[in-house]
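Me: I would like to go through the side-chain contacts and the strand layout of this model. Could we take it topic by topic?

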Amino acid sequence: MHRLAVTKAAALCAAVAFVAAMGPASASPAAAPSSTAQDVARPVRATVLVDCLSHPQVRPADFILACGDGNSRLTSLRWVRWDAASAKAKGVNSVNDCDPYCAAGTFHSYRVVVRLDKPKAWKKDPQQQHYSRMTLTFTGDRPERMARTVTYSLWN
């Protein structure tokens, strides 16, 4: 029995010595990852919609179109698509008729389909893509003197 215990102890000591000789994994130099591996590991950032305060938005429920006075805004946005190339939503464009003047005007709601596209590098964060164009298509009534489809260049 004593001889079996000594044999086990010797085997255990040999295993511990072998592991100690190998050193911790962090002590061995690692090969530099290839650029392809780095690209795969880097998280993909969603293309954004930049708001009036230069904040990036992804699938916002509301969005102000008239930054100066807030007299045109998108509300109740339900996004059906949002990818690197384009985004699409259904919602409401609330527009102030400014009658008799904007402060005393009335907001009217018009159903729209919103399409975002033409992604570009964002000046504030060149690694971030932002949509640079928005197209609104009114699906029913629309504001007076406004075309059924309206396209806006978005700020950068």
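Me: Which residue meets Arg115 in a salt bridge?

Reply: In this predicted model, the side chain of Arg115 meets that of Asp117, with 3.7 Å from N to O.

Me: What is the distance between the closest N and O atoms of Asp117 and Arg133?

Reply: The closest N and O atoms of Asp117 and Arg133 are 2.8 Å apart, and the two residues form a salt bridge. Asp117 lies in strand S6 (residues 107-122) and Arg133 in strand S7, so this contact ties together parts that are 16 residues apart in sequence. Arg133 is partly exposed because its relative accessible area is 29%.

Me: Which residues make up the network of salt bridges, then?

Reply: The network links Arg115, Asp117 and Arg133.

Me: How many salt bridges does the structure hold?

Reply: There are five salt bridges. Another one of them joins Asp83 and Arg81, whose closest N and O atoms are 3.2 Å apart.

Me: And how accessible is Asp83?

Reply: Asp83 has 33% relative accessibility, so it counts as partly exposed.

Me: Over how many bridges do S5 and S6 pair?

Reply: Strand S5, residues 87-96, pairs with S6 over 10 bridges in the antiparallel sense.

Me: Which residue in S6 stands opposite Val95?

Reply: That is His108.

Me: Now the aromatic residues. How many aromatic pairs does a search of the whole structure find?

Reply: Four aromatic pairs are found. In one of them, Phe63 and Trp155, the ring centres are 6.0 Å apart and the planes make an angle of 5 degrees, so the pair is stacked.

Me: Where do Phe63 and Trp155 sit in the chain?

Reply: Phe63 is in strand S3 (residues 63-64), while Trp155 is in the segment after strand S8 (149-153). The two residues are 92 residues apart, and their pair thus links distant parts of the chain.

Me: Is Phe63 buried or exposed?

Reply: Phe63 counts as buried, because its relative accessibility is 3%. Trp155 has 28% and so counts as partly exposed.

Me: What is the geometry of the pair formed by Trp82 and Tyr131?

Reply: Trp82 and Tyr131 form an edge-to-face pair, with 5.3 Å from centre to centre and 80 degrees between the planes. The pair links distant parts of the chain: Trp82 belongs to strand S4 (residues 72-82) and Tyr131 to strand S7 (residues 125-138), 49 residues apart.

Me: Why does Trp82 count as buried?

Reply: Its relative accessibility is 10%, and the cut-off for a buried residue is under 20%. Tyr131 has 0% relative accessibility, so it counts as buried as well.

Me: Which residues do the ring pairs link into a cluster?

Reply: The cluster consists of Trp79, Trp82 and Tyr131, linked by ring pairs.

Conventions. Residues are numbered from 1 along each chain as its sequence is written. This is a predicted model: local features need pLDDT of at least 70, side-chain atom pairs count only at pLDDT 80 or more; totals for chains, interfaces and linings use all residues. Side-chain values use heavy atoms; hydrogens and water are left out. Rings of Phe, Tyr and Trp (its six-membered ring) pair if their centres lie within 6.5 Å; planes under 30 degrees apart count as stacked, over 60 as edge-to-face and the rest as tilted. Helices (H or I, at least four residues) and strands (E, at least two) are DSSP runs, numbered from the N terminus. Buried means under 20% relative accessible area, exposed over 50%, partly exposed in between (1.4 Å probe, protein chains only). A salt bridge is a side-chain nitrogen of Lys or Arg within 4 Å of a carboxyl oxygen of Asp or Glu. Two strands pair if DSSP finds at least two bridges between them.
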